[in-house]
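I would like the criteria behind each term to be stated along the way.

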Amino acid sequence: MGKCVGVRKAGKDGTARGPRASAKFRNRNICRWPPAVGWATCDASVGPMLISLDKSFVFIAAGKTGTSSVSLSLLPHLTTDFARMPYSMVLDMPSHPEIESLLGAGAENVSGADTIKGLGLLHAAAADAPFEMAYTNKQTGYAFRTSDLNDFKHLPARTARRVLGESFWQSAFRFAFVRNPWDWVLSNYVYKQRPENVEPMDTEKVLWVRDNVKLRQLPIPYRTQHAFLRDEDGQVKLDFVGRFENFSSDFAKVAKHLELGGDLGHLNENEKDSRPNVRSLFTDEAFELVGELWAVDIETFGYGDFA
């Protein structure tokens, strides 16, 4: 569906939007239940893979690239009838049989509304009780298992391809967003560490991001945006890769292509411009180190002018 739109090169000014964690959204338990959709979300940061069988799209949600805002905008169009999905979803959570009855083995005939109810209950209970969720492709039997609810939303492209299967993957419009690597590193550091004040990044902080940016149980660990979006052969083969720096205009292109309508919902205040130039928030040594460690992102997504 649709032709490859491609990736444009970065602007020469190197301007980047930065992370400013709003106190309103620091509470990860703020949940809402959009009545028009009937979908339980916790500030749109957790949930199943973001796909639509009717609109035929797959959103590959690379972390810290505006995924929460995109997720909210996609909510009215997501497929919520899990019986239609190309994968099955089975929960193993012995401590909560009431949730297992909605999502566990033997729950194949549970209604879509009860499945969504089960997901909402799982979101509320997951922090205090062990569980494992298995997502299995119905045709191939490939299974992705996780004990972190965020994992299935933030699924690398090549893993998503195996879970969804070739038929849907090849027919769907596949898109993602990327971010200036220096801004991406800074955003990850601020998001994880929650410092009171954003001090200039030194080499120690950059190395901390390198070593801690991905701690979930994904079968293919990644520390670059390229590694998250690439296919098995190392190439990024999505239909559209937008840019965080052109967030609204690039999402508008996606919405127009998919005939989504509506406005882009802004959940994460990280997407507001709270600093004029990310370059000033790195020491010279740290700035050069990011250029070395994330060189593949700089080259692949056209951020060379900023370096």
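Two strands are taken to pair if DSSP finds at least two bridges between them, and the strands themselves (E, at least two residues), like the helices (H or I, at least four), are DSSP runs numbered from the N terminus. The model is a predicted one, in which local features need pLDDT of at least 70 and side-chain atom pairs count only at pLDDT 80 or more, while totals for chains, interfaces and linings use all residues. Residues are numbered from 1 along each chain as its sequence is written, and side-chain values use heavy atoms, with hydrogens and water left out.

By the pairing rule, strand 6 (residues 132-137) and strand 7 run antiparallel and are joined by 4 bridges. They belong to an open sheet of 3 strands in the order 5-6-7, with antiparallel pairing. Strand 5 (87-92) and strand 7 are its edge strands, each of which pairs on one side only. Neighbouring strands of this sheet are turned against each other by 15 degrees on average, direction ignored, where axes are lines fitted to C-alpha atoms (for helices over the stretch in contact) and angles run from 0 to 180 degrees between N-to-C directions.

Strand 7 has a covered face with Phe-144 and Thr-146, and an uncovered one with Ala-143 and Arg-145.

Leaving aside residues up to four places away in sequence, Thr-146 touches Phe-131, Glu-132, Met-133, Tyr-135 and Asp-151, a contact being heavy atoms within 4.5 Å. With Asp-151, the side chain of Thr-146 makes a polar contact of 2.5 Å, and it also reaches the backbone nitrogen of Asp-148 at 3.0 Å. Here a polar contact is a pair of N or O atoms within 3.5 Å; within protein, one must be able to donate a hydrogen and the other to accept it, and residues adjacent in sequence count only if both atoms are side-chain atoms.

Across strand 5, strand 6 and strand 7 lies helix 6 (residues 157-164), which runs at about 70 degrees to strand 6. Because 7 of its 8 residues are buried, helix 6 is largely enclosed by the rest of the structure; among the buried ones are Arg-158, Arg-161 and Leu-164. The helix is followed by Gly-165, whose phi is positive, near 90 degrees.

Side chains of opposite charge can pair when their charged atoms come close. The structure holds 11 salt bridges, each defined as a side-chain nitrogen of Lys or Arg within 4 Å of a carboxyl oxygen of Asp or Glu. Arg-161 forms one with Glu-166, with the closest N and O atoms 2.5 Å apart, and another with Asp-231, where the corresponding atoms are 2.4 Å apart. Asp-231 lies in the loop between helix 10 (225-229) and strand 9 (240-243) and Arg-161 in helix 6, so this pair ties together parts that are 70 residues apart in sequence. Arg-161, Glu-166 and Asp-231 are thus linked in a network of salt bridges, in which Glu-166 is partly exposed at a relative accessible area of 40%, whereas Asp-231, at 8%, counts as buried.

Aromatic pairs bring the last theme. Rings of Phe, Tyr and Trp (its six-membered ring) pair if their centres lie within 6.5 Å, and planes under 30 degrees apart count as stacked, over 60 as edge-to-face and the rest as tilted; the count comes to 11 aromatic pairs. Phe-57 and Phe-175 form an edge-to-face pair, with 6.2 Å from centre to centre and 65 degrees between the planes. This pair links distant parts of the chain, with Phe-57 in strand 4 (residues 57-59) and Phe-175 in strand 8 (residues 173-178), 118 residues apart.

Terms used: Buried means under 20% relative accessible area, exposed over 50%, partly exposed in between (1.4 Å probe, protein chains only).
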